[in-house]
Amino acid sequence: MSSADITLPPLEHTLAFSGTYVRTPSLGELSISSSKGLILVDERTGAIAAITDLADESPTADAARAHLERLPAARVTTLGTAQFMMPGFVDGHAHAPQYAFHGTGLDLPLLDWLERYTFPTESKFKDVEYAKRIYASAVARHLRHGTTTCSYFGTIHREATEELVRQVRLAGQRAHVGKVSMDRNSPANYIEPSAKVAAQEAVLFVDNVLASRKREEPGHSKRPALVTPAVIPRFAPSCTPELMQELGQLSRRGDGTGTKLPVHTHLSENASECAWVAEMHPEASCYADVYKQCGLLHDKAYFAHCCHCNKTERDMLHQHGAGVVHCAASNFLVGGALCNVRRWLEEGVTVGLGTDVSGGWSASMLDAIRQTVITSNLVSRTPDEDDPGRKWKPLTWQEALYLATQGGANVLGLGDVAGGLEVGRQFDALVVDVAPNCGGSFCVFEEDDVVTSLEKFLFTGDDRHIGSVYVAGQRVAGASHALYREASFGAAGMAEEDAVIKNAKVIRQRDPVDLTSSPAKAKVAKISA
């Protein structure tokens with residue numbers, strides 16, 4: 001291939017990001033550029049047009065270098081020596097309305113927690129103004145934590161869930177959003193009147209989201225949708241078979257392009273829940289079979305938790321191409337179980353990670369990564385009832401990072417759109433700042449290379465280290481971004497914070513950490529678990 005064979009966008013539509021980047025090309029593998037890494041983005045589509053390392057000699061590097069030299073300075077973002085780019089996080093399971101009470105009630109088992117916290121709070125979302133206030137804050141918080149793509153549950157209220165869609169689009173996040181359906185075993189003030197009405201509302205929600213894309217997503221014709229409507233039966237105990245069958249038909253009807261709609265629900269989270277499902281559905285061979293019989297198990301379906309799935313259920317998910325969203329924090333708490341992610345992976349099932357706000361206490365995927373590694377270590381030391389004598393290899397942090405990025409995108413059916421820094425994918429990315437004066441939570445020393453800094457960020461970092469969040473090439477959040485600041489501080493507090501940020505920038509310019517000068521830093525580092 002010669003440089004003449006490489007197609008780059010016109011200069012007036014090119015955005016350039018220059019500096020060290022971290023890629024997660026496969027499970028457990030990292031690929032890290034030198035400080036001369038370069039990513040070129042087509043502003044019209046939001047897609048990566050080229051990714052290369054200018055320290056290399058290659059046709060792509062030659063073409064990208066020539067393109068960069070002709071770009072106006074305003075179109076080039078140059079990272080500091082204490083910064084690096086990485087893929088944005090993908091949160092495969094979050095309850096947007098539960099952000100209103102996240103961090104509370106976590107000492108209760110699942111079914112009690114639903115009755116005392118979840119259903120009373122979610123019933124308030126019939127008030128669209130209340131929903132707007134909570135949803136704006138929830139979306140801003142997820143973005144601020146570096147979640148560029150999120151799969152959200154709404155509530156049973158169609159209008160409020162459509163407001164969630166608007167807030168996601170206004171914020172510039174990528175998301176699957178679904179109106180929750182439930183017509184049995186629910187409180188009198190938080191239940192849909194019949195399977196027919198619930199199904200009609202679900203259809204109307206999907207149609208409204210698809211129809212509103214043209215007016216609410218700028219440049220919609222040239223780039224993938226920001227918001228995809230999802231079909232969400234809350235879980236089998238709260239949906240009659242009649243309703244689930246209607247929802248199965250809706251998911252298979254699709255989005256009008258021949259593509260099925262995503263199905264997002266819970267599966268085998270809690271032992272009491274599993275026993276309840278078995279009692280209600282004696283005709284089904286297992287919990288997953290309930291969804292299968294209703295047409296809800298297919299290659300666009302993904303299931304949160306899956307802690308208690310037996311071999312029959314695991315084979316069923318694999319055969320239908322369904323995915324699993326591992327929610328380690330909530331599994332510990334309201335779920336009360338461990339999920340063996342290594343087994344799911346070895347059996348060929350696609351796995352991603354989820355925060356499960358508010359069964360999980362944190363909206364940060366960094367916490368999801370940490371809890372995933374902890375869970376895997378516990379699983380490796382716990383006797384396996386299905387396979388006595390088997391010792392499971394714990395997940396590495398590199399593998400957990402993959403699951404939090406590309407793995408999650410694969411689960412959501414967005415593997416060719418998001419999750420990684422690759423040509424043709426959307427530029428959904430983070431700029432991580434490890435400078436000593438960024439006000440962060442850990443220290444980087446002269447001898448620390450990019451790999452060490454990344455590992456420190458994953459295990460001890462927080463949102464203060466996320467300097468910028470990009471979705472489709474557009475900066476939508478970060479340490480000083482107005483969206484997050486106004487949601488967090490209010491307009492009155494932003495002027496004061498501006499002064500703090502200005503001073504911090506001055507200090508940072510005087511006292512940088514140069515990751516690229518570390519003797520341990522290789523030009524390109526590849527690490528396999």
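Guide: Strand β4, residues 37–42, is mostly covered, with 6 of its 6 residues buried. Keep in mind that this is a predicted model. Gly37, Ile39 and Val41 point one way. Leu38, Leu40 and Asp42 point the other way. Residues on both faces are buried, Asp42 included.

Now the neighbours. Strand β1, residues 14–18, pairs with β4 in the antiparallel sense, over 5 bridges. Within that pairing, Leu15 has Val41 of β4 as its bridge partner. Strand β5, residues 47–53, also pairs with β4. This pairing is antiparallel too and runs over 6 bridges. Here Leu38 has Thr52 of β5 as its bridge partner. So much for the pairing; next, the turn. β4 and β5 form a hairpin, with 4 residues between them. Gly46 sits in that turn and has a positive phi of about 80°.

Next, the empty space. Rolling a probe the size of a water molecule over the atoms shows where such space is left. The structure holds 4 cavities of 30 Å³ or more. The largest cavity has a volume of about 120 Å³. Its lining counts 13 residues, and the closest to its centre are Leu110, Trp113, Leu114, His266 and Glu269. Helix α2, residues 110–122, gives the largest share of this lining, 3 residues. By class, the lining has 5 nonpolar, 5 polar and 3 charged residues.

Conventions. Residues are numbered from 1 along each chain as its sequence is written. This is a predicted model: local features need pLDDT of at least 70, side-chain atom pairs count only at pLDDT 80 or more; totals for chains, interfaces and linings use all residues. Side-chain values use heavy atoms; hydrogens and water are left out. Buried means under 20% relative accessible area, exposed over 50%, partly exposed in between (1.4 Å probe, protein chains only). Helices (H or I, at least four residues) and strands (E, at least two) are DSSP runs, numbered from the N terminus. Two strands pair if DSSP finds at least two bridges between them. On a 1 Å grid over the protein atoms alone, a cavity is a set of points where a 1.4 Å probe fits but cannot get out, and a pocket is an open set with protein on both sides within 12 Å along at least five of seven lines; lining residues have an atom within 4 Å of a point. Grid points are joined across faces, edges and corners, and a volume is the space filled by probe spheres set on the points. Ala, Val, Leu, Ile, Met, Phe, Trp, Tyr, Cys and Pro count as nonpolar, Asp, Glu, Lys and Arg as charged, and the others, Gly among them, as polar.
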